Amino acid sequence: MRLTLASASPRRRELLAQIGVTPDAIMPADIDETPQRGEQPRPYALRLAREKAAAVDVPGLVLAADTVVCVGRRILGKPTDADEAARFLTLLGGRRHRVMTGIALRRTDGFVSAKTVETSVKLKRLSAAELNAYIDSGEWQGKAGGYAIQGIGAAFVPWISGSYTNVVGLPLTEVAGLLNAAGYPLSYQGIAA
Ligand SMILES: Cc1cn([C@H]2C[C@H](O)[C@@H](COP(=O)(O)OP(=O)(O)OP(=O)(O)O)O2)c(=O)[nH]c1=O
């Protein structure tokens with residue numbers, strides 16, 4: 001069964017590879033990611049994942065996702081520059097926030113199954129030296145909230161509650177569930193315990 005990953009994120013490809021899923025094609029979806037007026041984080045992440053899946057019009061299964069960081073009602077996407085990344089990290093430091101990923105799987109018949117997964121994350125308060133060094137590292141680029149838990153950012157995360165892979169951009173348990181429900185053959189299911 002043909003699977004297309006509608007994502008430009010190398011992390012998403014690597015996460016899928018981790019559970020033995022290799023998409024037949026990778027076709028990033030170019031959509032407008034502006035939140036609607038008053039839109040809450042959960043419906044926002046779900047809407048974007050669905051829109052990304054819908055934007056890639058090819059036969060077979062199309063998988064898409066969107067990850068946002070939320071502090072209260074505020075949605076933090078990918079910082080546009082170093083100053084914004086520094087502002088995000090200062091806002092997040094010393095408190096808990098939520099990382100929300102919407103995932104959507106479009107099937108050949110056009111039916112889309114989608115859900116959101118939420119993880120709570122605590123980021124420690126960064127010293128000026130840590131903040132400057134992290135901004136200089138450039139790791140914040142292309143990362144919702146301006147940090148990467150799978151990178152140097154791990155040094156700033158004392159605690160999470162919920163799915164780790166969800167924070168990196170693709171909650172694998174739920175993605176595997178959607179793929180399985182759509183009849184996609186998951187290789188590890190053939191492995192006897
Ligand atoms: C919080 C966090 C986010 N991220 C990444 C995951 C996502 O790639 C990115 C959020 O941006 P997204 O808009 O979800 O995805 P993307 O633009 O990278 O790719 P595409 O839309 O084509 O699928 O932030 C990390 O890699 N580590 C982290 O710890």
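1. Leaving aside residues up to four places away in sequence, V68 touches P41, Y44, A45, I75, L76, G77, M100 and A144, where a contact means that the C-beta atoms of two residues, placed from the backbone, lie within 7 Å. The model is a predicted one, in which local features need pLDDT of at least 70 and side-chain atom pairs count only at pLDDT 80 or more, while totals for chains, interfaces and linings use all residues. Residues are numbered from 1 along each chain as its sequence is written.

2. V68 is also, together with A49, A53 and A64, among the residues that touch the most other members of the largest nonpolar core, which has 45 residues. The elements that give two or more residues to this core are α1 (10-18), α2 (41-55), β3 (61-71), α3 (82-92), β5 (95-106), β6 (112-123), α5 (164-168) and α6 (172-181), and β3 gives the most, with eight residues. Such a core is a set of buried Ala, Val, Leu, Ile, Met, Phe, Trp, Tyr and Cys residues joined through C-beta atoms within 7 Å; helices (H or I, at least four residues) and strands (E, at least two) are DSSP runs, numbered from the N terminus.

3. Nine of the twelve residues of β5 are buried, so this strand is largely enclosed by the rest of the structure; buried here means that 20 or more other C-beta atoms lie within 10 Å of a residue's own, with C-beta atoms placed from the backbone.

4. β5 runs antiparallel to β3, to which nine bridges join it, and A64 has A104 in β5 as its bridge partner. Twelve bridges join β5 to β6, again in an antiparallel arrangement, with R106 standing opposite V112 in β6. The hairpin of β5 and β6 has five residues between the strands, and G110 there takes a positive phi near 95°. Strands count as paired if DSSP finds at least two bridges between them.

5. The ligand is surrounded by 24 residues, of which S7, A8, S9, I149 and G169 are the closest, a residue being near if its C-beta atom, placed from the backbone, lies within 6 Å. Two or more residues of this shell come from each of α1, β3 and α5, and β3 supplies the largest share, four residues.

6. For the protein chain as a whole, there are six helices and seven strands. Buried residues make up 37% of its 193 residues, and among contacts between residues at least 6 apart in sequence, 69% join residues at least 24 apart.
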